[in-house]
Every structure is written in structure tokens, then in C-alpha cells.
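Dear colleague,

I am handing over the structure below, and I would be grateful if you could look through it before reading my notes.

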Amino acid sequence: MTMLGRLTFAALEQGPIVFAAQMLVLFGALGVAALITYLKRWKWLWNEYLTSLDAKKIGIMYLVVAAVMLVRGGIDALMMRAQQAVAVGNNAGYLPPEHFAQVFTGHGVIMIFFVAMPLMFGIMNVILPVMLGTRDVAYPFLNSVSFYLFTAGAALVMASLVIGQFATTGWTAYPPLSELAYSPGVGVDYYIWALQISGIGTLLAGINFIVTILKKRAPGMSLMKMPMYAWTVLGSMMLVVTAFPVLTATLGLLTLDRYLGMHFFTAGGGGNMMMYVNLFWAWGHPEVYILVLPAFGVFSEVVATFSGKRLFGYTSMVIATMAITILSWLVWLHHFFTMGAGADVNAFFGIMTMIIAIPTGVKIFNWLFTMYRGRVRFTTPMRWFLGFVALFTIGGMAGVLMAVPPADFELHESLFLVAHFHTMIVSGVLFGDFAALAYWFPKVFGFTLSEKWGIRAFWAWTVGFMLAFIPLYVLGFMGATRRLDHYPAGLGWNPLFIVAGVGALVIASGVVCQAIQLYVSIRDRRKNRDLTGDPWDGRTLEWSTPSPVPFYNFARTPIVAIRDPFWAVKYGLAPQTPENDYLSIELPRGSGLGLVIGGAAFAFAFAMVWHIWWLVMLGALVMLGALFVRFLDEDTESIISADTLRRFDTATV
Amino acid sequence: MNRYLFLIILGIMASIALFALSLGGSHIVLFSPQGYIAKREVALMALALRLMLIIVIPVFALTFAIAWHYRAGNAKARYLPNWEHNRLEEAIWWAVPFLIIIALASITWTSSHALDSYKGIATSTPALEIDVVALDWKWLFIYPAQRIATVNTLTIPTGTPIAFKLTADAPMNALWIPQLSGQEMAMPGMVTELHIEADAPGAYHGLSGNYSGAGFAGMQFTAHAVSKSAFGAWVAETRMSTSTLDRVTYASLAAPSENVAPERYVLGDPGLYTWIVMKYMTPPAASSTPASG
């Protein structure tokens, strides 16, 4: 065994397409580093962001990582669409099967774990504490550790592009394909460790936000006075803390198979591959609701604000949210109706799946009746909402259709299924996150985003989505399965794959519009400055603060007497609650230890992938060491005096 | 334009759908199921879809109508900013989806039992057993009673129930002949079942539904449904094949290969299928499979 385990130069040499990708990653990283050096921003970056324990800053970092990974996952999508548009009949396309498999595996893993998740956590971090009228999350340092563990996972996926290869198993990594016998390379190991490291970060973040919601709300804000978004985050985080340990354990068992020759999921030796499928989806289905619930919460805030009206049926919305949270634990088997579980089991899980449509439908009706007798302003966030209703309803219908087991038999693992879950996740999760970004952007950065480019992005995404995925629904009915790197001529699939490819390009133009939107908005930031702190005629506590929110969030702790407290006071529906006098507050000092732990976790995971055992030990020791340093540090908070707060507060208002 | 947003989205959706359907044309195989099971599965989809449209069409209409009528610019629309609750209305939208789901649930329960993959098709014609082995990366079909086997091609008699017994000597796959029935997974060391029946003669496309590695895309075959007499002739012809499938020839067949051309064999070892399944049951040390990892 050499110093570098099984890592050799061969891991770098993988042909021209991979070479281009390697250069892109390398020069991209170097370019960013050079730019920061040129702008002399390293110190600023270190003090203001990298070592910050302020949830708002950590949230922004989550969003930046999500944006980078969205581009990576999007390039994967374009590569897949290009391959399937040309690889018909005798044409094998431009990607060899192994590479195509890495691309679709990478796309799935990245979009779920490293785009949808950080978008959700980013938005939660920047806005949830402010919304709850508190100064920070319950455990600021843990929050930083969560972020860096997540980032270490993302970095590991990017590293797999440059050194070695990623898994070729599909993002679900079903054994025995993902076992050593069929996947002896480093790909599955990259997959395992990227998910393990980021998954632990997610679990810690879940604990953090549950405690924040339950224990840190402003005085007077009872659970039933919380903004709807907080309820949906609570549901989502309850699912995180119960579901992610299942993923951790499942991947742990696969790790034992791969590293120590055990037989949990192997084809022979007493292994049971069906148990992996079972456990994977016991995490995997709650995961869908982990992502979609907070997006539902965003829509509840957006629709109420832009209809200038109270959210309709708040109590039913809370019940629906909690019903979805609980039911999402009872449906996972619908991911494998075709595995021969028998009619009773299949029917039970099919019916449980359909039942979820009831609370979801209630939510949609309540949003519609929030608009009813309101004054609807068709801003960018509201458009994302309307696009969501249109697409999500179609996708939901496809979902309920597949919840009928014998109907599922004919659509299982077909492109119809692929179209279904993309509809749910793109319209349900991404559109929700995009609405959130447009809605809360001024609160975070102090100026509004360009509406013109926001609306263009909306149209490109929506039309592009329909162009890319309606053909996939049809292809499912034409008997096309997913993950085919080539297919026979004469099945009539090719024209639809070409249309889907065009759709993917239109979606890409939507991402370009979003980049331009960001550029234009930053360029015109003086013109678009939000001076009032309340650009949308908002309802909840975050709009009572100046934009951008000061680092201490609230100079005086707000007292809440009613739902939508800011709106109620603004329009004289509730008396101005007497405010506390200024009191000195404690805020967490910045700490670089989260970054150290994340870096060590990356080294640990990378070394595990390549069997570099000394580095495994070192990474583990540094992680533990950093934790001990933190535990022994008693001086973790700085105090801001009441006078300073009063001075800041009167200066900003 | 703002206000027509929803209608525009619907219009684009419909036109892309129509365009896609026209491109697909006669190739939309699920619109023309040719087997006993597939016909019932597709009819079930149509029924479920109709039930769901009861709720989906009003949602679409309401979304558009409400968003349009209550637009900020419409001075005639009532504005009640603090109206937030109505017991009756909320009861309606808890109840209506609930009733539809009850209807769908009862359909789900009965259809799951009626169309259980493991359930034989009840006719007077005795079923033909075909043992299916998913290999890296081709399909092996063994006809135990006829003492023949085929690779990447399947021939079945029409009007006869086919009892597939599926296994794999490779990662998981799923057998799918869309016009004849839905999928069933094929897994090493296990036997799953799938019952189908072809109503009319024809050549139906078959493939795998579960990704199994580099050669997965090449696991495609044609299922030829022929009359009972033509099937008898085909069996007799296959019995004349010079290739014999026994454990020795199987070993080379089972080695990974991609885009394999159709092939026919005389079955030399009647115990082959059982051996393929059972070898995963032996302790890893004694096993000759790569599964011991």
C-alpha cells in the first residue's frame, strides 16, 4: 500500500470530454480565487462570511453553493438530453455508456442533495430567525458546522469529476450494482461519502431548526401565531431528523459491504438487496416532502402578501402540513410496487399515497381562496406561484395515477415517472425557492431584484420545462425507460427526445436570465434600494426590520400579539405592542472551526474513497480536535450594549 | 399579458402536448395494448384519470378565474383583506378530494388484487411457463417444457397465459413488454412472477426497466406473439438448433456482453434455471459467482 492508497495518475486521465470538465472545475476555482485576490477581498471574506456564525451569512453561503451546483447539475442535464437526442439506431452518441451513467447519476445526486437541499437551508437560514423575531438560530456554531459538512459533500462530488470517477449506478445506487462485484471503482465510494458527510450536516441542521422554532420564537408568538412558513419548516425538519438517520445507516451498511466484505445487500452470501431498496426509500420518500414542505410555506407567505390578504384557512393549513408530514412516512413502498411485495402490501401503500393528495389539495384550495377577495399583484414571486399551481397539479395527477399499483406496473421506471418527479420537484421545490429568493432578496441585500429579468426567467423556465417534460410524459406511454444511453430506431422516440433537448436549452436560457437578473440588479442597486424595509407591503416580522437586516436582527425584541403582526400593526388592526427597552444582547463570535471541521471531513472522506488510511486518521483527529477546542472555549459570545443598540437602531430608522 | 398568465401556460402546455402526441403518433404503444393484462392496466389508468379530472379541472378554472378577477387593477372586485376563514368552504375542499380518494382507494384495492403480477390468468388453456434470466446485458428465456431457450428474442403463442418466472444472474433488472403487461423486477437469488397473455399476433417491443450497468440500453428484444400452431412450428424449428445451452455454454453466455443479437438454443440441462437461482444460496466461499465481493 503506497502513501496515496489506490490513487494514481490514471485517475486523472479520462479522455477529452472529462478533460474539458476537469479544466472547467480547475480554472473555475482558480479564477474565483484570483478574482478575490485581485479585489483584495480575502480578509473581508474570511471575517464577514467564512467564519461568521450569523445565520443570514451562512444562508447566503448555502445559496452560493447551490447556484454553483445548479450550473453543474444543469450541464449534466444538457449532456444527457444531447446524448438521447442523437443516440438512435446505429448512432451510439458522443458519450460512452460509462460516462453517460456518471452524468445521470451525478445529475440526480447533485440536484437533490446539493441544489434543492442548500436552496431550502439557505432560505431558511436567511429568513426564518428574523421571521420568528429572534436574533439567531438555537445553535449558531452547529449551524456553521452543518454548512461546512454539506459543502464538504458538494466538494467531494466536484472532486470526483477531476480525480477518478463518480458512481455509474443511478442516484439511488441499488445493490448489487453498487456492490464491489459490479462497481469495483471509486465511483460508489465517492457517492457514499459525499452523501454521508453532507447528510450528517443536514441532520444537525434539522435539530438546530427544530429547536429554533420551538424555543426561540418572539414573546407572544404561540405556535398558532407562527407564520405558515415556520410550520412547514418544522414539518420538514421533523422529517429530516427522523429520515436522515435511515439514509446514514443504509449507506453505512453498504460501506461495510464494500470495505469489509460483509453481506448486507450482496447478491450472494445471505445478502438481501431488497432491504436496501426498502431502506433507501424509507428515507427517500420523506426526503421529497422535506424539500417540498418549506416551498409550500413560501407560497403561503407569497400568496398572502401579494393578495394583500390574510392567509385563508390557517388552521386547516397547519393540519394539512402536519398530515403531510406524518403521511409522508407511510408511502415509501410505492417506489417499488414491481418488486413483488404482493397485492395487500401494494394496495395499502397505494392508498396511503393517494391520501396525501387530500391535504395537498386543501393547501391549493386555501391558496386560491387567499387570492379570492384579495388584490392580486402579479409580481415575479406570484408568477412562480401560478406556474407552480399549473404544473404541480398536472404532476400530482400523474403521481396519483402511479399510486394505483397495476397502473404503476406500466409506468414504473419509464420516462413518464421521470417527467412526474421532475414536475413535482421543479415546480414544487425550485419554483418555490425562486419565489422565495425574489421575495426575500431585498430583505437580505437591501435592494430588489429586476422584475423584468425575473419575469423573463419565469417564462423561460416554465415554457422550457413544458417543452422538456411533456415529451417525456408521452415517451413513457411509448414504452421508453429511463437511463438509456442509446435506443433502437423505429420506435418513434427520437423526435420527442429532440424536442425535450430543445426544452432543456430553453430552461438553460432561464438560468442565464437569472444570472443577468442578478447582474442587472446589482448594477442598478442604488435605484432599486429598499429604503422602507417593507417593499411588498409585507405581513410578518421580517418586514418590520430595515433592509438589509442588521446583524443583530432586532434592536429590541418584538412582542407578538396576533398572526401577521407587522401587517396588523401597520393597518391599525392591532394596537402597537409596547416595546421593550433596549437591553444589551449577546451574539456569537465568529469561528473558523466550522471550516476546519468541514475541511477535515473532506480530507477524511476523500481518503476513505482512495484508501489513504493515514489521511483518514488525520482527518478524523482534526475533526475531533476542532470540536474539543470549541468545547473548551468559554469565550464564544460578544456583548453588544444597550447604548450601542440604541445608537445603531436610531441611525438605521 | 400578466393577467392571462395562467391561460397562456395552459395553452402552451396543451399545444406542446398535442405536438408531442402528433410526433409520437402511432408509436404510443400504451394507447394500443394487445394483452389481457395490459388492456386492464390501461383501462384502469383511464378510469383513475377521469376521477382525478373531477377535481383538477375546477382547480384550473378557479385558479385562472380568481387570479384574473381579483387582480389589483380591478376596482370592481370586492376586497376583504381580513376575511380568512369559512368553515363550509373548507369543509368542501376537505370532503370532495376525500370522497374521490375513497373511490380511487376502492379501485386500488380491487385492482391490486385482480391484477397482482403473481396471479395466474384464469382460462381453460393451460399456462406456458417461461423462465427468464436477466444477464449482463441480455435476456435469457428458458422454455422448460419445450426444452429450448432463447436470448434477446421471445416467441409466445396468442390466447395462452404465459407464466414468467424471473430471476437474474446480474444486477437487478425489470422485464417490460409495454403492450402486453407492466413490469416485474428480476433479481439474483430470487424468483418473481409475472403473468401475461397476448390477444393478437404481432411483434411487441420489450426492454428492461431497471438500470443494470453499461450494457443496459442493449437489453431490448422483440416479443413475437404467434398463433398456437405457428408456435408449435417455431418450437420444433428451435429444437433443431445446433447450439446447446448447458452449464458450460451458459458460463460464456453469462459473461458481460453488450447489444447481443438474438439467438436460439436447445436446452441441454433441464436443471439450469434452478441452478442459476440456487447458486446464490450457497456460502460465499463455495460460490463461483462474483457476488461474494
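Chain B carries 17 positive and 18 negative side chains, and the centres of these two sets lie 10 Å apart; here Lys and Arg count as positive and Asp and Glu as negative, while His and the chain ends are not counted, and the place of a charge is taken as NZ of Lys, CZ of Arg, CG of Asp or CD of Glu. In chain A there are 39 positive and 33 negative side chains, with the centres of the two sets 10 Å apart.

Please keep in mind that this is a predicted model, in which local features need pLDDT of at least 70 and side-chain atom pairs count only at pLDDT 80 or more, while totals for chains, interfaces and linings use all residues. Residues are numbered from 1 along each chain as its sequence is written, chains are lettered from A and ligands numbered from 1 in the order in which they are written, and side-chain values use heavy atoms, with hydrogens and water left out.

To stay with chain B, its secondary structure comes to six helices and twelve strands, where helices (H or I, at least four residues) and strands (E, at least two) are DSSP runs numbered from the N terminus. Its radius of gyration is 26 Å, whereas a compact globule of 293 residues would have one near 19 Å; the radius is taken over C-alpha atoms, and the globule rule is 2.2 Å times the number of residues to the power 0.38. The C-alpha atoms of chain B fill a box of roughly 85 × 50 × 35 Å along the principal axes. Of its 293 residues, 52% are buried, that is, under 20% relative accessible area, with exposed meaning over 50% and partly exposed in between (1.4 Å probe, protein chains only).

Seven strands of chain B form an open sheet of mixed pairing, in the order E8-E5-E1-E2-E3-E12-E11, two strands being paired if DSSP finds at least two bridges between them. The edge strands are E8 (192-196) and E11 of chain B, each of which pairs on one side only. Strand E2 (residues 138-143) of chain B runs antiparallel to E3(B), and four bridges join them, with B:Ile142 standing opposite B:Ala149 in E3(B). Strand E3 (residues 148-151) of chain B is in turn joined by four bridges to the antiparallel strand E12 (residues 263-267) of chain B, where B:Ala149 stands opposite B:Tyr265. Strand E11 (residues 244-245) of chain B pairs with E12(B) in the parallel sense over two bridges, and B:Leu245 has B:Leu267 in E12(B) as its bridge partner.

Turning to chain A, its secondary structure comes to 19 helices and two strands. Its radius of gyration of 25 Å is close to the 26 Å that the globule rule gives for 653 residues, so chain A is as compact as a globular protein of that length. Of the 653 residues of chain A, 65% count as buried.

Leaving aside neighbours within four places in sequence, A:Gln102 is in contact with A:Gln165, A:Phe166, A:Ala167 and A:Thr168, contact meaning heavy atoms within 4.5 Å.
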